[in-house]
Amino acid sequence: MKPLIIRQATLADGTSGDLYLIDGILADAPAATAEIIDAAELLALPGLVDPHAHLREPGNEAAETIATGTLAAARGGYTCVLAMPNTTPATNGPDEALWLLDRAAAVSAQAQVVPIGAITHDRAGKRLAELSALAESAAKVRVFSDDGACVMDAALLRAALETVASFDGVIAEHAQDAGLAGAMACCGADLEACAASHLPVWPRDAEWRIVERDIALAEATGARVHICHVSTLESLDLIRRAKEHGVRVSAEATPHHLLLGSDLLIQSTARNGPDTTYKVNPPLRPTADVMALREAVADGTIDMIGTDHAPHTSVDKGKPFPAASPGMIGLEQALSVVMETLVNPGMIGWPDVARLMSHAPATLAGLDNQGQPLIPGNPANIVLIDPNRRAVVDRERSASKARNNPYHGMNLPDPVVCTIWAGQVTYRR
Ligand SMILES: [Zn+2]
């Protein structure tokens with residue numbers, strides 16, 4: 001591994017200086033010979049960590065693979081992604097988790113892949129997956145989720161919380177009451193707007209009633225619960241109050257819920273029928289929720305940014321709207337959107353970005369080799385950022401296999417210049 005010197009980068013705290021990378025570690029002095037990267041105009045942040053990515057392998061390699069998904073991650077400034085277990089087979093136990101790690105190594109993944117375990121076997125909501133075995137395995141699984149599905153059986157969720165509490169694990173909930181939302185739900189606008197567009201409504205309480213239930217169960221068991229992709233201001237109020245009462249709840253916001261509103265779906269419906277690009281779970285919400293979510297990131301109610309990178313084939317996205325797969329890709333534009341919605345308007349600073357997109361998700365997963373400040377002795381996981389560059393997003397220029405990119409055609413910040421994972425350059429513009 002060739003030593004690197006990153007010359008005169010500015011760190012999140014505004015100080016600047018040289019970074020010396022030797023054998024994957026930040027050193028306090030340069031190697032005798034090293035490649036030099038001039039970073040005089042650039043910011044250096046700890047490599048980003050995504051707490052919520054769908055890599056689709058094994059089982060749906062037509063949509064994404066570990067190779068293509070981690071390449072997209074590297075392009076987005078990520079050095080680590082937590083892989084959701086809604087694969088085929090699901091990450092039910094150590095066999096599947098270790099397969100994922102082996103596969104990542106075999107395909108030379110361009111970011112660290114950390115398996116998230118299933119809460120229930122095959123995410124079917126009937127019986128618990130091998131939670132303790134996953135935690136005790138060499139994969140050291142710490143986060144568990146049935147993402148894509150909500151654990152509707154409260155007794156089963158309580159049992160899962162009690163189990164993970166014994167090893168300080170986390171239950172990451174996809175908060176969507178299956179009964180209230182219904183199978184075809186897709187429209188997150190207000191009731192009248194959904195009715196006028198003849199779109200099946202995904203009601204707000206289908207989210208916040210689950211958030212309320214999960215907070216109560218976390219409080220009762222003392223376990224940690226993490227609410228994925230929060231979309232409504234009611235959920236934010238519940239999480240805010242729970243934190244004030246000392247409940248061990250954390251929450252994430254997606255880039256798409258921070259930038260895009262339900263008006264996009266309603267307008268596309270009025271023009272030429274609903275655009276499946278804007279179909280996502282939970283759905284895009286009205287402007288009041290989008291603004292509340294930004295406020296919640298700024299005030300600390302939201303702990304971290306999770307991309308919910310959800311690649312789909314054009315076949316699955318090209319079906320009639322009710323049958324089309326929900327989800328959007330997001331790894332490559334996550335930092336762009338966070339800059340556009342939060343940094344550039346002055347709501348958060350770069351230390352907050354490092355916390356929200358690197359340190360907090362690494363801590364959630366119990367990782368000590370990611371999310372660390374850029375000081376000697378720490379792993380050399382770095383993203384170099386040009387904060388002034390912008391570009392029009394072109395979905396055809398993605399490293400992801402998928403093209404369900406909701407930012408296509410938008411002019412956004414285009415900040416990532418170079419990504420370095422464990423001392424190796426994984427992306428360079
Ligand atoms: Zn989800």
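# Close-up legends

View 1. With a relative accessible area of 2%, Cys 228 counts as buried (buried is under 20% relative accessible area, exposed over 50%, and partly exposed in between, with a 1.4 Å probe and protein chains only). Keep in mind that this is a predicted model: local features need pLDDT of at least 70 and side-chain atom pairs count only at pLDDT 80 or more, while totals for chains, interfaces and linings use all residues. Residues are numbered from 1 along each chain as its sequence is written, and side-chain values use heavy atoms, with hydrogens and water left out. The structure has one disulfide, taken as a pair of cysteine sulfur atoms within 2.5 Å. The bond is between Cys 187 and Cys 194, whose sulfur atoms sit 2.4 Å apart. Its S-S torsion is about -85°, so the disulfide is left-handed. Cys 187 is buried at 0% relative accessibility, and Cys 194 is buried at 1%. Cys 150, by contrast, is in no disulfide: the nearest cysteine sulfur belongs to Cys 228, 10 Å away. Cys 150 is buried too, at 12%.

**View 2. The zinc site.** Three residues coordinate the zinc ion: Asp 147 through OD, His 174 through ND1 and His 229 through NE2, at 1.9 to 2.2 Å. Donors here are N, O and S atoms within 2.8 Å of the metal (3.2 Å for Na, K and Ca), and since water is not among the atoms, sites may look incomplete. Along the chain, the donors follow the spacing D-x26-H-x54-H. Asp 147 sits in the loop between β9 and α4, and His 229 in the loop between β11 and α8, so this pair ties together parts that are 82 residues apart in sequence. Asp 147 is buried, with a relative accessible area of 2%, and His 229 is buried at 1%.

View 3. Five parallel strands make up an open sheet, ordered β9-β10-β11-β12-β13. The edges are β9 (143-144) and β13 (304-305), each pairing on one side only. Helix α4 (residues 154-165) packs on this sheet and touches β9, β10 (170-173) and β11, with its direction at about 145° to that of β10. Helices (H or I, at least four residues) and strands (E, at least two) are DSSP runs numbered from the N terminus; two strands pair if DSSP finds at least two bridges between them. Further along the sheet, β11 (residues 224-227) and β12 (residues 249-253) share three bridges in the parallel sense, and Val 225 stands opposite Val 249 in β12. Helix α8 (residues 233-244) lies across β11 and β12 and runs at about 145° to β12. For these angles, axes are lines fitted to C-alpha atoms (for helices, over the stretch in contact), and angles run from 0 to 180 degrees between N-to-C directions.

**View 4. Around Arg 213.** Arg 213 is part of helix α7 (residues 205-221). At 17% relative accessibility, Arg 213 counts as buried. Leaving aside neighbours within four places in sequence, Arg 213 is in contact with Cys 150, Val 151, Met 152, Asp 153, Ala 154, Leu 157 and Glu 173, where contact means heavy atoms within 4.5 Å.

**View 5. The nonpolar cores.** The largest nonpolar core has 75 residues, and Val 113, Ile 302, Val 353 and Met 357 have the most contacts inside it. Helix α13 (residues 334-343) gives this core its largest share, six residues. Apart from this core lies another, of 18 residues, including Leu 199, Leu 259, Tyr 407 and Leu 412. A nonpolar core is a set of buried Ala, Val, Leu, Ile, Met, Phe, Trp, Tyr and Cys residues joined through side-chain atoms within 4.5 Å. As for α13, nine of its 10 residues are buried, so the helix is largely enclosed by the rest of the structure.

View 6. Strands β1 (residues 4-11) and β2 (residues 16-22) run antiparallel and are joined by five bridges; Leu 4 has Leu 21 in β2 as its bridge partner. Four residues lie between β1 and β2 in this hairpin, and Gly 14 in the turn has a positive phi of about 95°. Next, three bridges join β2 to the antiparallel β3 (residues 25-27), with Tyr 20 partnered by Ala 27 in β3. That hairpin has two residues between its strands, and Asp 23 in the turn has a positive phi of about 55°.
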